[in-house]
Amino acid sequence: MAKKKKAPGGNTICLNKRAKHEYTIETRFEAGLSLQGWEVKSLREGRGQLVDSYVVFKNDEAWLVGAHITPLISASTHYVTDPRRDRKLLLHRRELDKLTTAVEAKGYTCVALALYWKNGMVKCEIALVKGKKLHDKRADEKEKDWNRQKQREISVAVR
């Protein structure tokens with residue numbers, strides 16, 4: 001029996017690269033995502049964006065706000081599609097309680113970091129984050145440049 005081939009892009013659908021630059025990530029959580037059929041088909045084509053998305057808590061539920069899923073022309077012909085609609089996040093009660101208390105009391109923000117496939121289902125990686133100051137961003141940039149420079153010197157020395 002032949003093994004199933006993996007997708008060329010891996011399991012990741014989309015990333016929020018800006019969040020890693022803007023915030024310091026404290027704790028990560030995995031949440032399920034409640035989607036419609038046309039959204040799943042669009043995500044299989046890789047048409048999702050998390051650039052300005054964040055998580056809101058209302059009525060003891062978590063909602064992903066600002067995520068953009070572009071509808072396919074062929075798959076969403078008989079639906080009224082809203083690419084930026086709020087999508088419900090599926091979390092356990094304990095996780096919801098942890099997140100809501102941290103956001104309300106401690107001054108954290110909850111942001112979506114990535115969408116990916118896991119066992120045929122779409123999962124969303126969310127995180128509790130704190131905003132970085134300008135000097136923190138500069139320090140991170142200096143550290144990245146220093147690490148890059150070290151790698152170049154090591155690769156030149158090996159040759």
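Buried means under 20% relative accessible area, exposed over 50%, and partly exposed in between, using a 1.4 Å probe and protein chains only. This is a predicted model, in which local features need pLDDT of at least 70, side-chain atom pairs count only at pLDDT 80 or more, and totals for chains, interfaces and linings use all residues. Residues are numbered from 1 along each chain as its sequence is written, and side-chain values use heavy atoms, with hydrogens and water left out.

**Stop one: salt bridges.** A salt bridge is a side-chain nitrogen of Lys or Arg within 4 Å of a carboxyl oxygen of Asp or Glu. The whole structure has seven.

Select Lys88 and Glu61. Their closest N and O atoms are 3.1 Å apart. Lys88 is in strand 7 and Glu61 in strand 5 (residues 61-65), 27 residues apart in the chain. Strands here are DSSP runs of E, at least two residues; helices are runs of H or I, at least four; both are numbered from the N terminus. Lys88 is partly exposed, at 29% relative accessibility. Glu61 is also partly exposed, at 26%.

Next, select Arg87 and Glu39. They form a salt bridge, 2.9 Å from N to O. This pair joins strand 7 (residues 87-90) to helix 2 (residues 37-44). Arg87 is buried at 1%, and Glu39 is buried at 0%.

**Stop two: a charge over a ring.** Here NZ of Lys or CZ of Arg is within 6 Å of the ring centre and within 35 degrees of the ring normal. Select Arg44 and Trp117. The charged end of Arg44 sits 4.3 Å from the ring centre of Trp117. Then select Lys130, which lies over the face of Tyr108, 4.9 Å from the ring centre.
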